[in-house]
Amino acid sequence: MARMCLMMMIMVAMTMNIAKSDPIAPCYFIFGDSLVDNGNNNQLQSLARANYFPYGIDFAAGPTGRFCNGRTTVDVIAELLGFDDYITPYASARGQDILRGVNYASAAAGIRDETGRQLGGRIAFAGQVANHVNTVSQVVNILGDQNEASNYLSKCIYSIGLGSNDYLNNYFMPNFYSTGNQFSPESYADDLVTRYTEQLRILYTNGARKFALIGVGAIGCSPNELAQNSRDGRTCDERINSANRIFNSKLISIVDAFNQNTPDAKFTYINAYGIFQDIVTNPARYGFSVTNAGCCGVGRNNGQITCLPGQAPCLNRNEYVFWDAFHPGEAANIVIGRRSFKREAASDAHPYDIQQLASL
């Protein structure tokens, strides 16, 4: 009898270890650009696509449309939130699957509608938010009641990471866009933030209550910018980075304003710029040996043309911060994703990291 009881206790203990706990947030909605696009651009007439080898070379599903060799930052965050699979792109999200969240991100997309137009089709921030409004109506139908849906959505994480292309594929591209002549860096950031805020209000009106606003990274340090504008191939373009910092400082102001004026919602800022700068400043700490060139690409710094179909990438991928001309590799995304989820330095997030945001 005693032996049988012991066996039952062991089996219960094993079952408890096997049983996976629920995610700490019921759903995760993602808005962004190529840094987190996981397949929404695959069906668009666009040059901004990555559904071909060697993209996805280190990802279990192969090339999916992720602009990376493996996981993106939001894939890492989804894992840390406790989801047993990655968040589905809007292009293929169907039925009950949307209750886990949806990824609306689109490569080349910006806060301004015209951003990235020279690359072809893309879904700008306003279009991504419109797609989410459509998703919300489906959530109401599934749960059967507006109040049920609102209560459910209020517990979800909404991460928004846009703005990079408004600089890279707009403001600092005078051959295609006039914004660089129309606006000073300060007034351009004001324009972006005004448009950004409008979309946040729409999300709020449609039930969003937990917002993580992801700052723009140091675009002036990408292999593409180093290839074009750096004499030594190492010194970052401070003109671009300075403009990025102005935008980020205004994002922090948005977070503070919303937290003061919408007491039923929580907003936080994720300092992707600062986390990235720490990686580049202290590469050995994270196992990186190459910070200024893409693992896969063409020309100076492997940054003049991005990774071509069928091209052989570098073999020591975890030693490269960048996968291609513009995008971090999986190893860097793991660092950024982890520090976004649970900050290592006080400056990583303001006022909460994503783990804290989920628990509020």
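**A first look around**

His327 is buried, with a relative accessible area of 6%. Keep in mind that this is a predicted model. The stops below cover this histidine, the nonpolar cores and the cysteines.

**Around His327**
- You will find His327 in the loop that runs between β6 (320–322) and α11 (330–341).
- Leaving aside residues up to four places away in sequence, His327 touches Ser34, Leu35, Phe67 and Phe322.

**The nonpolar cores**
- The largest nonpolar core has 48 residues, and Phe31, Ile160, Tyr167, Tyr196, Leu200 and Phe247 touch the most other members.
- Helix α9 (residues 238–261) gives the most to this core, with eight residues.
- Tyr196 has contacts that include Ile111, Phe125, Phe247 and Ile254.
- Apart from this core lies another, of 20 residues, including Ile30, Ile77, Ala105 and Ile354.

- Cys68 is in no disulfide, and the nearest cysteine sulfur, that of Cys295, is 10.0 Å away.
- Cys27 and Cys156 form a disulfide with sulfur atoms 1.8 Å apart; Cys27 lies between α1 (2–18) and β1 (28–32) and Cys156 between α4 (146–153) and β2 (157–161), so the pair ties together parts 129 residues apart in sequence.
- Cys295 and Cys314 form a disulfide that is left-handed, with -110° about the S-S bond.
- Cys296 and Cys307 form a disulfide that is right-handed, with 65° about the S-S bond.

Conventions
Residues numbered from 1 in each chain as written. Predicted model: local features only at pLDDT ≥ 70, side-chain atom pairs only at ≥ 80, totals over all residues. Heavy atoms only, no water. Helix = DSSP H or I, 4+ residues; strand = E, 2+ residues; numbered from the N terminus. Buried < 20%, exposed > 50% of the residue type's maximum accessible area, 1.4 Å probe, protein only. Contact = heavy atoms within 4.5 Å. Core = buried A, V, L, I, M, F, W, Y, C linked by side-chain atoms within 4.5 Å. Disulfide = S-S within 2.5 Å.
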